[in-house]
Amino acid sequence: MARGRFITFEGGEGAGKSTQVQRLAARLKAGGREVVTTREPGGSPGAESIRDLVLRGSADRWSPVTETLLMYAARRDHIERVIAPALARGAWVICDRFADSTRAYQGGAGDVDAGLITALETHILDGVHPNLTLVFDLPVDVGLERAHVRAGAEMRFESKGAAFHERLRKAFLAIAAREPDRCAVIDATGAMDAVEAAVWAAVAGRLAVHG
Ligand code: TMP
């Protein structure tokens, strides 16, 4: 059976991932590929309902362990109904956040035990791992400033304070350093076109894509 490719975008708040997901998808589609763009938490009807629960309300509405379980409930549904079927038919799946966000937000910044997160990865991901992960990196103050500009109801994580977001940035960079074959760090401070070029260089170089 054909196997597609799975690309994830990761990083802190206000890094500009969503715009770049769309730009990469357009470029891959122009090369004649089937491309599925999706996001977490969410991406399937059930997972979108969980997203509403977990991203709205006060910062202390859920503990980091409860968040971890909600994120994994959403992720499992998303994998079963959207990601795994798309990969099985040979599509390219581009996902705005995935398992590294749980490691960084709930684990690195939220102090959830790494053993619990590893166990969930082992039992719940069902062997679905990204071929490439783009870690968008930028200074915390720049990211939070951008996130506040587009602020809506989904503010639970943006409102957690600068120290949380500094730990988060470190956690993402640690993941990238630990898995350099899978992860590329993208400097997200530049203009959109410069970031798009960096994303494309990483995709083309690591996944041997032409056009
Ligand atoms: P976003 O759509 O702006 O990326 O918002 C999703 C929020 O959810 C963001 O603040 C990060 C958070 N999140 C986690 O804390 N853990 C996770 O596993 C995922 C996927 C997202």
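How many nonpolar, polar and charged residues does the lining of the largest pocket have? By class, this lining has 11 nonpolar, 8 polar and 13 charged residues, where Ala, Val, Leu, Ile, Met, Phe, Trp, Tyr, Cys and Pro count as nonpolar, Asp, Glu, Lys and Arg as charged, and the others, Gly among them, as polar.

The model is predicted, so that local features need pLDDT of at least 70 and side-chain atom pairs count only at pLDDT 80 or more, while totals for chains, interfaces and linings use all residues. Residues are numbered from 1 along each chain as its sequence is written, and side-chain values use heavy atoms, with hydrogens and water left out.

**Overall fold**

The protein has 8 helices and 5 strands, taken as DSSP runs numbered from the N terminus (helices H or I, at least four residues; strands E, at least two). From the N terminus on, these elements follow the order β-α-β-α-α-β-α-α-β-α-α-β-α. The radius of gyration is 16 Å, close to the 17 Å that the globule rule gives for 211 residues, so the protein is as compact as a globular protein of that length; the radius is taken over C-alpha atoms, and the rule is 2.2 Å times the number of residues to the power 0.38. Along its principal axes the C-alpha trace spans about 45 × 35 × 30 Å. Buried residues make up 49% of the 211 residues (buried means under 20% relative accessible area, exposed over 50%, partly exposed in between, with a 1.4 Å probe and protein chains only). Among contacts between residues at least 6 apart in sequence, 79% join residues at least 24 apart, a contact being heavy atoms within 4.5 Å.

In helix 2 (residues 45-55), the buried residues are Ala-47, Ile-50, Arg-51, Val-54 and Leu-55. They lie on the same side of helix 2, because they cover an arc of only 115° around the axis, judged by the directions from the helix axis to the C-beta atoms. The buried residues of this helix pack against strand 2 (35-39) and helix 3 (64-88), and just after helix 2, Gly-57 takes a positive phi of about 100°.

Pockets were found on a 1 Å grid over the protein atoms alone, as open sets of points where a 1.4 Å probe fits, with protein on both sides within 12 Å along at least five of seven lines; lining residues have an atom within 4 Å of a point. Grid points are joined across faces, edges and corners, and a volume is the space filled by probe spheres set on the points.

| Largest | about 630 Å³ | Glu-13, Lys-17, Arg-51, Arg-97, Arg-150 |

The lining of the second largest pocket divides into 6 nonpolar, 1 polar and 6 charged residues.

**Backbone details**

The peptide bond from Glu-40 to Pro-41 is cis, with omega near -10°, and Pro-41 sits in the loop between strand 2 and helix 2. Asp-111, although not a glycine, has a positive phi of about 70°; this residue is found in the loop between helix 4 and helix 5 (114-124) and is exposed, with a relative accessible area of 65%. Ala-208, in the segment after helix 8 (192-207), likewise has a positive phi, near 50°, and counts as exposed at 56% relative accessibility.
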